[in-house]
2 protein chains.
Amino acid sequence: MNVEEVFHMNGGDGANSYAKNSHFQKKASEMVKHITIQTIQQAYLSIRPNSFGIADLGCSSGPNTLSIVTDLVEALTREITPPPAEIRVCLNDLPTNDFNSIFRSLPDLYRQLRKAGTDGVAGGSSTVFVSAHPGSFYGRVFPTSSLQFVYSSYSLHWLSRDEQGKSINKGKVYIAESSPPSVSNAYIDQFKEDFALFLRSRAEELDAHGRMVLILTGRIGHDHVDRGNSLLWELLSRSLAILAAQGAIEEGKLDSYDVHFYAPCRGEIEAEIRRDGWFQLERFETFGMEVKFDEAKESFGREVARTVRSVQESMLGHHFGEGLSLDSLFDIFARLVDEEMAIQEIQPANFILVLRKL
Amino acid sequence: MNVEEVFHMNGGDGANSYAKNSHFQKKASEMVKHITIQTIQQAYLSIRPNSFGIADLGCSSGPNTLSIVTDLVEALTREITPPPAEIRVCLNDLPTNDFNSIFRSLPDLYRQLRKAGTDGVAGGSSTVFVSAHPGSFYGRVFPTSSLQFVYSSYSLHWLSRDEQGKSINKGKVYIAESSPPSVSNAYIDQFKEDFALFLRSRAEELDAHGRMVLILTGRIGHDHVDRGNSLLWELLSRSLAILAAQGAIEEGKLDSYDVHFYAPCRGEIEAEIRRDGWFQLERFETFGMEVKFDEAKESFGREVARTVRSVQESMLGHHFGEGLSLDSLFDIFARLVDEEMAIQEIQPANFILVLRKL
């Protein structure tokens, strides 16, 4: 399927929307915010352009989008004298992203910035322009040398295509214990191709000394199968298999479904950056998130299910069609996650990278 | 009411959408396309930047939006050697505009441009970047000196506010025969204030020698009441009054509704451009459209009703609330338009202006 024209986080602000179900992503970004803030300030101080261009790649929609915009604008206006005269905030995501709901919040954002004295329109320090640039970041999105800072949180683990395991990865949606080596090789190759294209495109769009902060899902060791991300996809495979066994979906449809996702390890990322040669890797950190059980709330499994649903619904719906009940699927998935958590924690790993354009 | 947060053309592509009901606007733009094309080429040839910035102010959504984008890109790539290395197409409208539906058509647009050899991604001549910049054009929207060409079709007759005739313009939604002079003065003042702000903002955003093409509704003589635009608003007033007499809407609500619209005359426009002093008026033309009766089709009144509905529904719905049946209102309006057309033609006038940044 054409990922670029199908894949998107669930729009709007309903019960299954990404806006309502992206606490995990928010929490992870918050944990490393100090690094993001420090990096954007370094980028500005080493270039000092009149008009400072920031891109948020894979911005999605919902509170996380404008919350990071506010943080980045404030980082440039609060502690830096003089701040840039103009700040261009360039939001990017695929063309099917719900940009309308971001735009509807913009008047509030501008009011908030003016109140805080950060928007020059009311005599504050910088004039802020927010724009949207739809398209795949696996390719050019912005004019040459138009950016000074690139930010991307929870997007780079999404591959440009979903052709990795087709038909050879029977019953599984991601690399699993039972997957032949050709499956993991196909995923690795796709990741390398995509990441190289990402780096080359950003190298053209970024000014010299511009910085990138990339936050993404990764894996700790060399093994693809772990109690981090791969287990969650394994549980999704099992949930789909249960529905297939009940006759609710065709087995063939499950065999031909693969997530366009890849959790790279540190070495795979570093090798691409070195080979590309346009960026200096200034920082690489691994971080996990503590999983807290709040007994007053619904189960952890339900929370994970809603998060996964808000990012996977567009692709699952497209592939399996109306025959698939997403409610049933994620009820089963939530139960399987809870069962696993009762045995032992599931700990997805996250990476934050800081890169400097040479 | 806050025009910026309420007013928008009807989104999507349903029966009442602007996408389906903007033939009049399309036809008018087509009639003067040769002037638009010639002007953008002059703008490029007198500046010759590597990256050429085009803004479409009040772009709305639907086929008209991307049709003009295609025309403008082709004007820069077909007959000019060498064409600009990069073309930035910057779409602007209020934050409630349906940008999502434009974005969903972008992959097709890029494919079409690549096929025509105009997009450099496939070795063609120029790399095209389309972005959206939501906000009111009565104020800054774009970074300083970032544009070389500004286009605006059927937008500048919409004022930034709807406070003109409030309460003193009883039973009317626009300047009418019965309106006291204070009403037309309030409309004129608002137009002058808005147009001055428009010119000042664009002067900051455009490069020296950059050009603007502005297409808008105007009036021929000095009199505000004519068989052009004002008659259509008069018929809308009458339609609302009929509903009020039936008790379907409150009379007080009709008294407090005024359209944020103004059809300026040539003298009013020229005076503002002279006073502002940033632009040279290179061309000013008046044009009308022949109204053709296609007997195979539904009535002319119905066609006008659907056009007016697609641009006024957001404001009418917000002001009158759920009590107002838009179907009933525009059934009455269509009938009144047909009755008037049986007496004599209704001929709205249109202006096209070409301005050069000094």
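Tutor: Between chain B and chain A there are four salt bridges, and in this predicted model one of them is formed by the side chains of B:Arg111 and A:Glu5, with a nitrogen-to-oxygen distance of 3.2 Å. The two chains also share twelve residue pairs in polar contact, counted where both residues have pLDDT of 80 or more. On the side of chain B that touches chain A, strand S2 (86-92), helix H5 (99-115) and strand S3 (127-132) each contribute at least two residues, and the largest share, seven residues, belongs to H5 of chain B.

Taken as a whole, the interface brings 26 residues of chain B into contact with 26 residues of chain A, and the two chains bury about 2000 Å² between them, of which 59% lies on carbon and sulfur atoms. Within chain B, the residues that lose the most area to chain A are B:Asn100, B:Phe103 and B:Phe129, which together account for 24% of what that side buries.

A:Arg88 is buried and yet has no salt bridge, since the nearest side chain of opposite charge, that of A:Glu86, is 5.6 Å away, whereas a salt bridge requires a nitrogen-to-oxygen distance within 4 Å. What the side chain of A:Arg88 does have is a polar contact of 2.7 Å with the side chain of A:Ser51.

Turning to the backbone, most residues other than glycine have a negative phi, and most peptide bonds are trans. Against that background, the peptide bond joining A:Thr81 and A:Pro82 is cis, with omega about -15°, and the bond from B:Thr81 to B:Pro82 is likewise cis, with omega near -15°. In chain A, A:Thr81 belongs to the loop between helix H4 (63-77) and strand S2 (86-92), and A:Pro82 lies in the loop between H4 and S2 as well; in chain B, the place of B:Pro82 is the loop between helix H4 (63-77) and S2. A:Thr81 is exposed, because its relative accessible area is 73% and exposure begins over 50%. The C-alpha atoms of A:Thr81 and A:Ser325, which are 244 residues apart along the chain, are separated by 55 Å.

Two serines have a positive phi although neither is a glycine: A:Ser60, at about 55°, and B:Ser145, at about 50°. A:Ser60 is found in the loop between strand S1 (51-57) and H4 of chain A, and it is buried, because its relative accessible area of 3% falls under 20%. B:Ser145, in the loop between S3 and strand S4 (147-153) of chain B, counts as partly exposed, at 38% relative accessibility.

Terms used: Residues numbered from 1 in each chain as written. Chains lettered and ligands numbered in written order. Predicted model: local features only at pLDDT ≥ 70, side-chain atom pairs only at ≥ 80, totals over all residues. Heavy atoms only, no water. Helix = DSSP H or I, 4+ residues; strand = E, 2+ residues; numbered from the N terminus. Buried < 20%, exposed > 50% of the residue type's maximum accessible area, 1.4 Å probe, protein only. Lys, Arg positive; Asp, Glu negative; His and termini not counted. Polar contact = N/O pair within 3.5 Å; in protein donor to acceptor, adjacent residues only side chain to side chain. Contact = heavy atoms within 4.5 Å. Buried area = accessible area lost by both parts, 1.4 Å probe.
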